[in-house]
Amino acid sequence: MELRQLRYFVRVVELGSMSRAALDLDLVQSAMSQQISRLEGELATRLLQRSSKGVVPTEAGLAFFREAQLTLRHAEHAVRAAQQSRLIGTASVGLASTTAGVLGVPLMRAMRERYPDVRLHLVESMSGHLTQMLNARQLDLAVLFDTGVARRWSVMPLLEEKLYLMVPRATEPSATANKADKPDTISMAQLQGVPLILPTGAHGLRSTLDAAFDRARLKPNLVAEVDSLTMLMDAVCAGLGCTVQPWAALGRVHNAAQRLQWTEIADAQVRRSNALCSLSDDELSPAALATRVVLADCARALVTSGQWEGSRLIHHKL
């Protein structure tokens with residue numbers, strides 16, 4: 001027995017006509033008649049007396065009608081209670097600095113709109129630190145780039161980002177000094193000798209770049225290692241070196257277009273994969289589970305709307 005069958009039956013009795021009830025519920029009459037017949041079959045009793053003038057409930061049908069009305073009212077109350085109830089609790093989310101610059105505020109807005117009573121605890125840090133915090137259960141979930149060190153995580157691929165060589169406009173390498181001659185893309189091999197400022201090896205971006213340098217059989221000209229995105233980008237803007245970062249890193253630079261120039265690295269494997277990692281489902285609170293859904297929705301919306309430049313969604317099976 002289904003709620004829709006009860007709804008159909010009640011409306012037929014109220015209107016006294018199968019055809020009028022079908023029209024009122026925007027159904028084909030034959031479909032409604034079939035559902036009423038199935039309901040009578042399940043109950044093994046006749047509920048409606050059909051005639052050329054319409055239908056009237058039988059004695060059994062009249063008794064069933066009263067109970068069906070009550071059941072539908074209870075179902076409506078249950079729906080309203082579910083819709084009006086508010087999820088409460090706390091959810092802790094870790095975002096790398098580049099990711100936070102694009103995703104942080106949209107996530108906060110979406111959570112406030114959907115779950116205003118959930119307190120969101122956002123942690124911005126380098127991905128290596130976030131990995132340690134997630135493993136120590138100091139975070140419920142985090143967007144990470146290197147999931148090979150996962151213990152008991154739930155991992156959902158989110159998106160893939162292009163990487164760019166970013167150079168200070170005042171001291172551009174000779175290969176890109178003339179804006180008119182600036183190529184649309186650059187290869188890893190062309191980074192030979194370019195002075196680079198990068199995060200240390202404990203972090204996801206550096207792991208990706210080290211693998212790319214190895215594939216290109218290139219030893220990077222590393223002039224500094226900085227584990228702070230703000231300080232790293234300030235150093236590049238000051239002319240102390242260049243860096244390789246996703247487009248999202250530009251969100252941490254004031255007047256980036258006036259201070260920096262960036263060129264996409266064309267090598268097919270030079271991409272940064274973003275994954276939404278969390279504790280196992282049975283360890284997450286309802287608030288954290290809801291936050292995970294909202295975060296994934298926000299990331300997809302930013303990519304599809306073009307607000308997360310240089311990225312594409314990773315399609316996966318849930």
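**A first walk through the model**

Reader: Is R206 buried or exposed here?
Author: In this predicted model, R206 is buried, with a relative accessible area of 9%, which falls under the 20% limit used for that word.

Reader: And which residue does the side chain of R206 meet in a salt bridge?
Author: The partner is E225, and the N to O distance in this salt bridge is 2.7 Å. Because E225 belongs to strand β9 (residues 221-225) and R206 to helix α7 (residues 204-215), the pair ties together parts that are 19 residues apart in sequence. E225 itself counts as partly exposed, at 44% relative accessibility.

Reader: How far apart are the closest N and O atoms of R11 and D24?
Author: They are 2.8 Å apart in the salt bridge between R11 and D24. R11 sits in helix α1 (residues 3-15) and D24 in helix α2 (residues 18-24), so this pair ties together parts that are 13 residues apart in sequence. R11 is partly exposed, with a relative accessible area of 25%, and D24 is partly exposed too, with 43%.

Reader: OK, and how many salt bridges does the count come to?
Author: The count comes to 16 salt bridges. Another of them joins the side chains of R137 and E283, at 2.7 Å from N to O. R137 lies in the loop between α6 (127-135) and β5 (141-144), while E283 lies in the loop between β12 (271-278) and α10, so the two tie together parts that are 146 residues apart in sequence.

Reader: Changing topic: which residues touch the most other members in the largest nonpolar core?
Author: This core has 55 residues, and those touching the most other members are L103, L158, M233, L276, L295 and W308. Helix α10 (residues 286-304) supplies the largest share of this core, with nine residues. Apart from that core lies another one, of 19 residues, including Y8, V10, A21 and A68.

Reader: What does L158 touch, leaving out residues up to four places away in sequence?
Author: Among its contacts are V143, L276, L295 and I314.

Technical notes. Residues numbered from 1 in each chain as written. Predicted model: local features only at pLDDT ≥ 70, side-chain atom pairs only at ≥ 80, totals over all residues. Heavy atoms only, no water. Core = buried A, V, L, I, M, F, W, Y, C linked by side-chain atoms within 4.5 Å. Buried < 20%, exposed > 50% of the residue type's maximum accessible area, 1.4 Å probe, protein only. Helix = DSSP H or I, 4+ residues; strand = E, 2+ residues; numbered from the N terminus. Contact = heavy atoms within 4.5 Å. Salt bridge = Lys/Arg side-chain N within 4 Å of Asp/Glu carboxyl O.
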